[in-house]
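Open the model in your viewer and keep the sequence panel beside it.

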Amino acid sequence: KAVKALSKLDKKDISEMKTFTTPPEMVGVVMEAVCLLLGRKQTWVEAKKVLGELNFLDQLKNYDKDKLTSRIIKKLSKYIKRDDFTPEKVGKQSVAAMSLCKYSKPFY
């Protein structure tokens with residue numbers, strides 16, 4: 001399910017997200033969750049760096065779910081359990097963030 005969610009993402013969508021100086025709330029929340037999964041700081045500055053990496057999508061597609069620790073899952077729950085952490089609500093702010101929201105949910 002996680003990798004399937006990425007199939008709808010393209011470079012244009014990702015570039016759109018990088019243009020936000022301050023992202024819409026749910027774009028920031030989704031990217032914090034993605035950064036957590038990738039072992040990066042959960043900040044918008046770090047999220048923009050991650051989005052700018054040439055292998056960003058490959059990192060997600062090849063994510064080793066076996067390295068998910070209970071600590072990461074517990075931290076991830078803070079994002080996933082939010083009432084507004086749904087593809088429908090996130091999609092109103094960004095198509096790319098919607099796909100990344102769908103990507104993050106199966107890990108929890």
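**Stop one: the cysteines**

Select C35, which counts as buried because its relative accessibility is 0%. Keep in mind that this is a predicted model. Is C101 buried or exposed? C101 is buried too, with a relative accessible area of 0%.

How many disulfides are there? The count is zero. A disulfide needs two cysteine sulfur atoms within 2.5 Å. For C35, the nearest cysteine sulfur belongs to C101 and is 15 Å away, so by that cut-off C35 is in no disulfide. Starting from C101 instead, the nearest cysteine sulfur is that of C35, 15 Å away, and C101 is in no disulfide either.

**Stop two: the largest pocket**

Clear the selection and move to the largest pocket, which has a volume of about 220 Å³. To show its lining, select K11, I14, S15, K18, L51, G52, E53, L54, N55, F56, L57 and D58.

Next, colour the helices that take part. Which elements supply at least two residues each to this lining? They are α2 (11-18), α4 (44-52) and α5 (56-61). Look at α2 in particular: with four residues, α2 gives the most to the lining of the largest pocket.

Finally, colour the lining by residue class. Five of the lining residues are nonpolar, three are polar and four are charged.

Terms used. Residues numbered from 1 in each chain as written. Predicted model: local features only at pLDDT ≥ 70, side-chain atom pairs only at ≥ 80, totals over all residues. Heavy atoms only, no water. Buried < 20%, exposed > 50% of the residue type's maximum accessible area, 1.4 Å probe, protein only. 1 Å grid on protein atoms, 1.4 Å probe; cavity = no way out; pocket = protein on both sides within 12 Å on 5 of 7 lines; lining within 4 Å. Points joined across faces, edges and corners; volume = space filled by probe spheres on them. Nonpolar A, V, L, I, M, F, W, Y, C, P; charged D, E, K, R; others polar.
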